[in-house]
Amino acid sequence: MYSTEHILYIVLSLLVVSLILFGAHYIKSQKYKNLFLFFWAFACFMFHISTMYYTFFTNGTGIGNAYDNQLFPIYFCNYMMYLLLIASLWPNKESRFFKIFATFTAYGGVFGALITLFVTPPGVSNWFNFQSALSHSCMLVGCLWLFVGGYVKISVYNIVPYSLGLLSCGVVGGVVELIFYLGGRPSPNAMYLVHGPNELPEFQWWMFALCMLLLIFIFTMIWEFFKRKKEDRWYKNTSDLNLYFKCKKKENKIVK
């Protein structure tokens, strides 16, 4: 059951995020669009690591404590946080590789932020919990801005770069698992490669992946139905793939 505090945070945070994005869509200069993206990406990162500074100044020893997920991208959201920060600093935001990178970051960050928002209580009275809620809220603003700010085009074919991004999650998770193993530490269950979350251990990583791909497909299919003409929809037109890959059209040769 949701507590009153949790419900209030969900409602108020979504309202604030909506208002921020509504105001930000009036930004026309690309320079300031990029700065806006960097601000929220950096805020997300700073809230994430803030407990190290908090413990440094409050535990009386002058030593800051760091959690494993502050040192390594163990969870999906940790990975999205770093990708959002990289995306905000990316010099050429018109390149094909950036489009692939930003598309995965945008959808992944929204998924991660919303899941945490609805599943994890914010714990307003406890900074160790509240900073996580604030960090995810900042990530939600930044990743939605990738859509609103025009960095990512909504298309059914977004499942292609997102699939590539999911493969990178497996690689990152495997590397983190290897580092912990070589360091003599117990498995951190990076990217849920070993088992599902404690609340749902039978829910394997590939189930998360399939669910996210299915949601993207359904959402973008509905979007195209209302926003695009019939001849421009994904099943009629594959031109959106040119955002990520060079798709050469076959030329019809005239035989004399």
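Predicted model: local features only at pLDDT ≥ 70, side-chain atom pairs only at ≥ 80, totals over all residues.
Two packed helices are described by the angle between their axes and the distance between the axes. In this model, the axes of helix 1, which spans residues 4-24, and helix 5, which spans residues 96-119, come within 9 Å and cross at roughly 150 degrees. Because angles over 145 degrees count as roughly antiparallel, helix 1 and helix 5 are roughly antiparallel to each other. On the side of helix 1, the contact involves H6, Y9, I10, S13 and L14, which meet L114, L117, F118 and V119 of helix 5. The residues of this contact comprise seven nonpolar and two polar ones, with no charged residue among them.

The largest pocket has a volume of about 1,400 Å³ and is lined by 44 residues, of which Y75, F76, C77, T116 and Y192 lie nearest its centre. Among the elements that give two or more residues to this lining are helix 2 (30-58), helix 4 (76-89), helix 5 and helix 7 (159-182), while the largest share, seven residues, comes from helix 6. By residue class, the lining of the largest pocket divides into 25 nonpolar, 17 polar and two charged residues.

Aromatic pairs number 30 in the structure. In one of them, the ring centres of Y9 and F130 lie 6.2 Å apart and the ring planes stand at 75 degrees, so the pair is edge-to-face.

Definitions and conventions: Residues numbered from 1 in each chain as written. Heavy atoms only, no water. Axes fitted to C-alpha atoms, helices over the stretch in contact; angles between N-to-C directions. Helix = DSSP H or I, 4+ residues; strand = E, 2+ residues; numbered from the N terminus. Parallel < 35°, antiparallel > 145°, perpendicular 65-115°, else oblique. Contact = heavy atoms within 4.5 Å. Nonpolar A, V, L, I, M, F, W, Y, C, P; charged D, E, K, R; others polar. 1 Å grid on protein atoms, 1.4 Å probe; cavity = no way out; pocket = protein on both sides within 12 Å on 5 of 7 lines; lining within 4 Å. Points joined across faces, edges and corners; volume = space filled by probe spheres on them. Phe/Tyr/Trp six-rings, centres within 6.5 Å; stacked < 30°, edge-to-face > 60°.
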